[in-house]
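Subject: A structure for you to look at

Hi,

Here is the structure I said I'd pass on. Open it up and have it beside you while you read my notes.

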Amino acid sequence: MIAINDLTFAYPDSDFRLNIPSLVLEPGEKVAVVGPSGTGKTTLLNLIAGIAVPQSGTVRLGDVTVSNMGDADRRSLRAGRIGFVFQDFALLEYLTARENILFPYRIAAGAKIDDAARTRAVQLAQSCGLEGKLDRRPGALSQGEQQRVALCRSLIMKPDLVLADEATGNLDPANKVAILDLLFARTSEQGATLLAVTHDHELLPRFDRVIDFATFRDAGEHAA
Ligand SMILES: Nc1ncnc2c1ncn2[C@@H]1O[C@H](COP(=O)(O)OP(=O)(O)OP(=O)(O)O)[C@@H](O)[C@H]1O
């Protein structure tokens, strides 16, 4: 379960403020986040992932209070238990697609790249049409292919929670559906929670719930 309570957040040197009195995501819940540009959707994902830290309030992931942890612990938790598909993919240019997919193993405490991990990386890549491209660097992949590498990386550790920031944004309609199918199938299989920012309104019926940031920010009640 993800639980946010009495959260306030501001960037230094910015007027932007995010206040979230209460937000709860149940285990296995699939939730879409929609809303105008600049309203704080990416910021919410960063707060849940522990990339950003609130000025006050708490972010809990299961029995762990992410917002109270130090940098190194948050990084390790993120690599081991949270899959994040970043809006700009955040792939490492000096690594191949395969190495990028396996990268969380290098960060998560106690994780080791073994044959099972390598096989899983290949299976994930095959399931989204990346076979034959695993030894290429990101610069030699299309935007859509890079996005799929980022998706595979988010799923490699079988995380409890997947945060997807516009994970279908650069894809053609057929790939969009294929990627969403993969995201839903893998998160359901693992009982993982999915929180996905999207501008694709036609995809919304597939989610259990939609949070609209046009009305969400600073409102009084946000519980599920
Ligand atoms: N590092 C930063 N420093 C200062 N302000 C920031 C920073 N990152 C984002 N902001 C500001 O915070 C606000 C929320 O940004 P955020 O990226 O969360 O919005 P968003 O809803 O995800 O937008 P989009 O749909 O365009 O991706 C914006 O006004 C943005 O300019």
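Of the 59 residues in the largest nonpolar core, which touch the most other members? They are Ile48, Ile101, Leu151, Cys152, Leu163 and Ala164. A nonpolar core here is a set of buried Ala, Val, Leu, Ile, Met, Phe, Trp, Tyr and Cys residues joined through C-beta atoms within 7 Å. "Buried" is a matter of counting: 20 or more other C-beta atoms lie within 10 Å of the residue's own, while 12 or fewer make it exposed and anything in between partly exposed, with C-beta atoms placed from the backbone. In soluble globular proteins, nonpolar side chains tend to be buried together.

Two housekeeping points before going on. This is a predicted model, where local features need pLDDT of at least 70, side-chain atom pairs count only at pLDDT 80 or more, and totals for chains, interfaces and linings use all residues. Residues are numbered from 1 along each chain as its sequence is written.

Leaving out residues up to four places away in sequence, Leu151 touches Val85, Cys128, Ala167, Ile179, Leu182 and Leu183. Touching, or contact, means that the two C-beta atoms, placed from the backbone, lie within 7 Å.

Now the sheets. Helices (H or I, at least four residues) and strands (E, at least two) are DSSP runs, numbered from the N terminus, and two strands pair if DSSP finds at least two bridges between them.

Zoom in on the β6 end. Four bridges join β6 to β7 (residues 161-165) in the parallel sense. Gly83 stands opposite Val162 in β7, and Phe84 has Leu163 as its bridge partner there.

Apart from neighbours within four places in sequence, Asp165 is in contact with Thr42, Leu45, Val85, Phe86, Gln87 and Val197. Leu45 is 120 residues away along the chain, yet the C-alpha atoms of Asp165 and Leu45 are separated by 7.8 Å.

There is another open sheet, with four strands in the order β2-β1-β4-β5 and antiparallel pairing. Its edge strands are β2 (17-25) and β5 (64-65), each pairing on one side only. Two bridges hold the pairing of β4 (residues 56-61) with β5, and Arg60 has Thr65 in β5 as its bridge partner. Helix α1 (residues 41-49) lies across β1 (2-10), β2 and β4, running at about 120° to β1.

Which residues are around the ligand? Tyr11, Ser14, Phe16, Ser37, Gly38, Thr39, Gly40, Lys41, Thr42 and Thr43 are, where being near means a C-beta atom, placed from the backbone, within 6 Å. They divide into two nonpolar, seven polar and one charged.

Most residues other than glycine have a negative phi, and most peptide bonds are trans. Asp13, not a glycine, has a positive phi of about 60°, and Phe89 has one near 70°. Is each of them buried or exposed? Asp13, in the loop between β1 and β2, is exposed, with 5 other C-beta atoms within 10 Å. Phe89, in the loop between β6 and α3 (97-101), counts as buried, with 20 C-beta neighbours inside 10 Å.

Cheers

Methods:
Nonpolar A, V, L, I, M, F, W, Y, C, P; charged D, E, K, R; others polar. Axes fitted to C-alpha atoms, helices over the stretch in contact; angles between N-to-C directions.
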